[in-house]
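Good morning, colleagues. Please look at the sequence and the structure on the screen.

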Amino acid sequence: MPLVVLQPSRLMWTRLAALVFTCVAFSVASHGGNLPDGMGDWCVFCWAFSFAGTLLVLLVELLGLQSRAPVSWTNFPITFACYAALFCLSASIIFPLYFVKGSLNKEMRDHRIASTVFSCLATLAYNVEVSLVRARPGEVAGYMATVPGLLKVCETFVASVIFVFISDPVSYNSHPALKWCMAVYCICFVISAAIVVLCVGECTGCLPFPFARFLSAYALLAVAMYLTATIIWPVFKFDNSHSGISSRPDSCRSTFGLCYWDKWVAVAVLTALNFLIYLADLTYSARLVFVTA
């Protein structure tokens, strides 16, 4: 029977901390938070997903099964940690906005505040893990451990949030220009997600073209496409001359104060944010290709 040799390190303690924090967050929320369906389910999913993935990473490394894993172990742990950090960050923002304010009894409020605190601690732990594992300048590492690889994770996550806001209600059918924006979000999301999957699955060598050159070309294309979306979306949503709405209507109300106009603003902000992320991706990808060449 193989022995498990425990070698404490900062990385291991960080993962253990993230494991405990996510476990407490979703356990407390599920036990005494009395959460309604919808956003409550999303927050619990974020914590449970992060907990399960962290537990898997710890077990594989403690049992020394990295070489038997069906994925690239130089890319998978940091990719998961980055996604977990973003998931927990979203839960840390959404949960108090939706479930802490309002009239609640003391026990329910205490449970929800505790979940929020541990969610924030989990976000911090995952960010520390990413900082410990990511590649340093001049260091040979997997692509997902580099800055462009981590930016790919951020690009797909931001695009996913855009899809949530833009589809409820559907906000891109009123003009062909807005449909182009939706096409930009979809095309860039699919390609960025495919790059992440190829790297984690260690399949980049099967491509019929140089992977590094493809990354630079795609980053340039994505920057150009997102630049158009960054300009077009606010023009056709908030300019009166293009049937837009320049200010928040008085009748715009929802259960938690987030109506369709607020979602349009969120899409505009997130589009600009993803444009900046792709711009940084282009800068770093070009440097990686230059060093490789």
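I begin with the buried residues of α2: G40, C43, C46, W47, S50, F51, G53, T54, V57, L58 and V60. Buried here means under 20% relative accessible area, exposed means over 50%, and partly exposed lies in between, with a 1.4 Å probe and protein chains only. This is a predicted model, in which local features need pLDDT of at least 70 and side-chain atom pairs count only at pLDDT 80 or more, while totals for chains, interfaces and linings use all residues. Residues are numbered from 1 along each chain as its sequence is written, and side-chain values use heavy atoms, with hydrogens and water left out.

Helix α2 covers residues 39-62, and its 24 residues reach 35 Å from the first C-alpha to the last, close to the 34 Å expected at 1.5 Å a residue. That expected span is 1.5 Å times one less than the number of residues in the helix. After α2 comes G64, whose phi is positive, near 65°.

Now the chain as a whole. It has eight helices and zero strands; helices (H or I, at least four residues) and strands (E, at least two) are DSSP runs, numbered from the N terminus. Of the 293 residues in the chain, 44% are buried. Among contacts with a separation of 6 or more, 75% join residues 24 or more positions apart, where contact means heavy atoms within 4.5 Å.

Let us turn to α3 and α4. Helix α3 has 24 residues and reaches 33 Å from its first C-alpha to its last, close to the expected 34 Å. It is mostly covered, with 19 of its 24 residues buried. The axes of α3 (residues 76-99) and α4 (residues 106-133) come within 8 Å and cross at roughly 155°. Axes are lines fitted to C-alpha atoms, for helices over the stretch in contact, and angles run from 0 to 180 degrees between N-to-C directions. The two helices α3 and α4 are therefore roughly antiparallel, the term for angles over 145 degrees; under 35 counts as roughly parallel, 65 to 115 as roughly perpendicular, and the rest as oblique. Their contact has 18 nonpolar, six polar and two charged residues. Ala, Val, Leu, Ile, Met, Phe, Trp, Tyr, Cys and Pro count as nonpolar, Asp, Glu, Lys and Arg as charged, and the others, Gly among them, as polar.

Within α4 we find V128, which is partly exposed at a relative accessible area of 32%. The C-alpha atoms of V128 and R15 are separated by 9.3 Å, although these residues are 113 apart along the chain.

Next, α5 and α6. The axes of α5 (residues 147-167) and α6 (residues 176-200) come within 9 Å and cross at roughly 145°. Residues of α5 in this contact include K152, E155, F163 and I166, and those of α6 include M182, Y185, F189 and V196. By class, the contact of α5 with α6 divides into 11 nonpolar, three polar and two charged residues.

Finally, the axes of α6 and α7 come within 9 Å and cross at roughly 150°. That makes α6 roughly antiparallel to α7. The residues of this contact divide into 22 nonpolar, two polar and one charged.
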